[in-house]
Amino acid sequence: MSNGSHVVVAIDGPSGTGKSSVSKAVARKLGVGFLDTGAMYRALTWWCLEQQIELTDADAVAAASRDLPLTMGTDPNHPDVFIDGRSIEVHIRESRISQSVSTVATNLDVRADMQQRQRELMAQVSEQTGGVVAEGRDITTVVAPDATVRILMTASEEARMARRSKQLSVTAESTRSQIVDRDRVDSTVSTFMTAADGVVTVDTSHLDFEQSVQAVLHVVSAEAGHE
Ligand SMILES: Nc1ncnc2c1ncn2[C@@H]1O[C@H](COP(=O)(O)OP(=O)(O)OP(=O)(O)O)[C@@H](O)[C@H]1O
Ligand SMILES: Nc1ccn([C@@H]2O[C@H](COP(=O)(O)O)[C@@H](O)[C@H]2O)c(=O)n1
């Protein structure tokens, strides 16, 4: 997915690593679009709860996914998520969504649908802005295995707990099961705890936010000649 001179950056990693915030900053610096693929699974989860669809009813959830009136904002300065024209960005970050999103994301029919939508969105955004930074759990391996740059962003469990606890203003310990349990379930359908062949690992355990952004830009520069 290098599309001539377009730069396609795929970033995966476990929960709380900083993928989303770092990817957004990298997209801004490169002047290209940004796609938060986790937000798409969160949007479907929110929609199913709104429609009172049982998340364990795999067929009903897959049907909801196919019909989902989802629009993704891909400007890294104003990323937003819309269903039927209504912004649901705030709602999809609620803890009830974080706690149930993996049930939806491990539905294989849902994944096939979302992966197809993500490929189409990435191609569209790349065409419009000259590239895209897309982040999630299966972008480097399934959605865009031929991306110009493929990165696995990691951080120790302790660093991720500390980042999440600061973000949510709760104790670090209380975030452990949230992070560990979600990764355990999510990794039954995607490979993001270890780097696949050809994927560059960026370990941010001992980096601050700006250093993490620079580390990713350094890899982009080395792999694609962009900075
Ligand atoms: N290198 C870093 N050092 C310190 N804090 C960081 C760093 N990178 C990101 N953060 C902070 O960590 C928090 C979590 O980051 P973010 O939401 O981007 O993670 P994520 O990997 O996308 O998580 P998830 O996949 O669970 O949504 C944010 O508050 C972010 O500002
Ligand atoms: N490519 C992806 C991205 C996300 N998921 C699932 O969505 C959940 C929410 O993701 P966040 O990055 O917003 O926390 C995540 O826990 C996965 O269940 C996915 O499966 N594939």
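1. Basis. Residues are numbered from 1 along each chain as its sequence is written, while chains are lettered from A and ligands numbered from 1 in the order in which they are written. In this predicted model, local features need pLDDT of at least 70 and side-chain atom pairs count only at pLDDT 80 or more, whereas totals for chains, interfaces and linings use all residues.

2. Overall fold. The protein chain holds nine helices and eight strands (DSSP runs numbered from the N terminus: H or I of at least four residues for helices, E of at least two for strands). Its C-alpha trace spans about 50 × 40 × 30 Å along the principal axes. The radius of gyration of the protein chain is 17 Å, which agrees with the value near 17 Å for a compact globule of 227 residues (taken over C-alpha atoms; the globule rule is 2.2 Å times the number of residues to the power 0.38).

3. Burial. Of the 227 residues, 42% are buried (20 or more other C-beta atoms within 10 Å of the residue's own, with C-beta atoms placed from the backbone).

4. Three bridges join strand 3 to strand 4 (residues 81-83); Thr71 has Phe82 in strand 4 as its bridge partner.

5. Ligand 1. The shell around ligand 1 has 18 residues, the closest being Ser15, Gly18, Ser20, Ser21 and Arg163 (a residue is near a molecule if its C-beta atom, placed from the backbone, lies within 6 Å of it). Helix 1 (19-30), helix 7 (157-168) and helix 9 (209-224) each give two or more residues, and helix 1 gives the most, with four. By class, three residues are nonpolar, eleven polar and four charged (Ala, Val, Leu, Ile, Met, Phe, Trp, Tyr, Cys and Pro count as nonpolar, Asp, Glu, Lys and Arg as charged, and the others, Gly among them, as polar).

6. Ligand 2. Around ligand 2 there are 16 residues, of which Gly38, Tyr41, Ala105, Gly136 and Arg137 come nearest. Helix 2 (37-50), helix 4 (95-105) and helix 8 (173-186) each supply at least two; helix 2 gives the most, with five. This shell has five nonpolar, six polar and five charged residues.

Notes
Buried ≥ 20, exposed ≤ 12 C-beta atoms within 10 Å, placed from the backbone. Pairing = 2+ DSSP bridges.
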